[in-house]
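These are my notebook entries on a structure that I am reading for the reader who has not seen it before. I set down what I looked up, in the order in which I looked.

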Amino acid sequence: MELRKPLVRLAGVTREYAERNGPPIVALDGVDLEVPAGEFLGIIGPSGQGKSTLLNIMAGIDFPSRGRVFFRGTELPQEENERIREYRARHVSLVFQELNLVSHLNALQNAALPLVCRGEDNSTSIAHARAHLESLGLARELTRKPAKLSGGQKQRVAIARALTSDAELVLADEPTGSLDPKTSVDVMDAFAGLIRAGGRTVVLVTHNEGLAERYCTRIVECTTAGLREVRRVRTEAPERAVAAGRGKKSPRNPRNPRNPRDKVGS
Ligand SMILES: Nc1ncnc2c1ncn2[C@@H]1O[C@H](COP(=O)(O)OP(=O)(O)O)[C@@H](O)[C@H]1O
Ligand SMILES: [Mg+2]
């Protein structure tokens with residue numbers, strides 16, 4: 001699929017957090033970023049460098065202190081209002097670091113939530129949710145509530161929920177952080193599948209550079225000094241990610257040969 005004009009664009013985005021005593025914490029400093037529709041963008045970088053802040057700003061759940069954010073060329077509001085709520089509800093699907101599953105709903109009901117909330121009928125919503133949960137290896141956990149699921153299982157339910165939603169911008173904050181290598185590959189396959197199916201764009205924060213290089217169409221590193229394009233991997237989401245990637249050792253990282261890129265978990 002050819003990459004199209006930017007779905008999201010950040011122009012000079014700075015985010016500061018006021019500190020009671022002393023200078024503000026600068027989480028992002030004048031970030032410029034364009035995310036073309038159809039991209040699978042990987043964001044890497046050490047902890048505390050603003051990756052989650054960047055994702056939250058793209059999601060419209062946090063706002064820049066300075067700078068502007070555009071979605072399909074239209075500037076997003078910089079405060080909580082009806083328009084930003086509509087943006088979040090219609091266009092964005094999020095996998096947070098804190099998973100935000102609804103505790104009294106089971107796995108299937110949690111994963112079906114985006115469609116149910118949009119007014120889709122129950123059986124269609126459940127069928128979509130079931131397919132995504134099963135593809136992520138949760139066929140036997142469908143009726144379990146979050147309290148009865150392991151950390152990795154809860155993470156997969158949250159991912160299935162994001163996959164079930166048909167919002168075009170999918171934002172995922174370290175979604176494979178607590179998953180084993182095989183499940184991480186399944187998750188990346190699922191994200192890549194969304195892009196191949198068309199109409200979706202994925203921005204993924206990850207510490208797993210090996211997976212990012214295997215799946216992402218572009219990788220940028222987020223540091224306090226700004227964003228740096230690490231690698232433009234390819235212009236298309238991988239067609240045969242599973243066949244090409246699963247079970248294979250990924251190539252060594254030219255930037256840092258000692259970097260344990262296939263590390264899973266953080
Ligand atoms: N709500 C907040 N209040 C104050 N400081 C914050 C808040 N959220 C994040 N920060 C600070 O902003 C910086 C970037 O945080 P974050 O975006 O979570 O980084 P990352 O996701 O790369 O680990 C860190 O120094 C963090 O302590
Ligand atoms: Mg973070």
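Is S165 buried or exposed? I found that S165 is buried, since 23 other C-beta atoms lie within 10 Å; a residue counts as buried if 20 or more other C-beta atoms, placed from the backbone, lie within 10 Å of its own, as exposed if 12 or fewer do, and as partly exposed in between.

Before going on I noted that this is a predicted model, in which local features need pLDDT of at least 70 and side-chain atom pairs count only at pLDDT 80 or more, while totals for chains, interfaces and linings use all residues. Residues are numbered from 1 along each chain as its sequence is written, and chains are lettered from A and ligands numbered from 1 in the order in which they are written.

Entry on the surroundings of S165. I placed S165 in the loop between helix 5 and strand 7, where helices (H or I, at least four residues) and strands (E, at least two) are DSSP runs numbered from the N terminus. Leaving aside neighbours within four places in sequence, I found S165 in contact with S93 and P114, contact being C-beta atoms, placed from the backbone, within 7 Å. The C-alpha atoms of S165 and P114 are separated by 5.1 Å, although the two residues are 51 apart along the chain.

Entry on helix 3. The buried ones are A107, L108, Q109, N110, A111, A112, P114 and L115, and they pack against strand 6, helix 4 (122-135) and helix 5. Just after helix 3, I noted that G119 takes a positive phi of about 95°.

Entry on the whole chain. I counted eight helices and 10 strands, and buried residues make up 44% of the 266 residues. Of the contacts with a separation of 6 or more, 68% join residues 24 or more positions apart.

I traced an open sheet of six strands in the order 6-7-8-3-9-10, with mixed pairing; two strands pair if DSSP finds at least two bridges between them. Strand 6 (92-95) and strand 10 (226-231) stand at the edges with a single partner strand each, so one side of each has no neighbour in the sheet. Neighbouring strands are turned by 20° against each other on average, direction ignored.

Entry on strand 7. Which way do the residues of strand 7 point? L169, L171 and D173 point one way and V170 and A172 the other, and all are buried. In a regular strand the side chains alternate between the two faces of the sheet. Five of the five residues of strand 7 are buried, so this strand is largely enclosed by the rest of the structure. Strand 6 and strand 7 pair in the parallel sense over four bridges, with V92 having L169 as its bridge partner. On the other pairing I looked up, five bridges join strand 7 (residues 169-173) to strand 8 (residues 201-205), and these two run parallel; L171 is partnered by V203, and D173 by V205.

Helix 5 (residues 151-164) lies across strand 6 and strand 7, running at about 170° to strand 6, with axes fitted to C-alpha atoms, for helices over the stretch in contact, and angles from 0 to 180 degrees between N-to-C directions. Helix 6 (residues 181-197) lies across strand 3 (40-44), strand 7 and strand 8, at about 155° to strand 8. Helix 5 and helix 6 pack at an angle of about 5°, with their axes 11 Å apart, and are therefore roughly parallel to each other, a label for angles under 35 degrees. The contact is made by G152, R156, I159 and L163 of helix 5 and by T183, V187, A190 and L194 of helix 6.

Entry on ligand 1. I listed Y17, I25, A27, S47, G48, Q49, G50, K51, S52 and T53 around ligand 1, each with a C-beta atom, placed from the backbone, within 6 Å of the molecule. Strand 2 (25-36) and helix 1 (51-59) each supply at least two residues of this shell, and helix 1 gives the largest share, three residues.

Methods:
Contact = placed C-beta atoms within 7 Å. Parallel < 35°, antiparallel > 145°, perpendicular 65-115°, else oblique.
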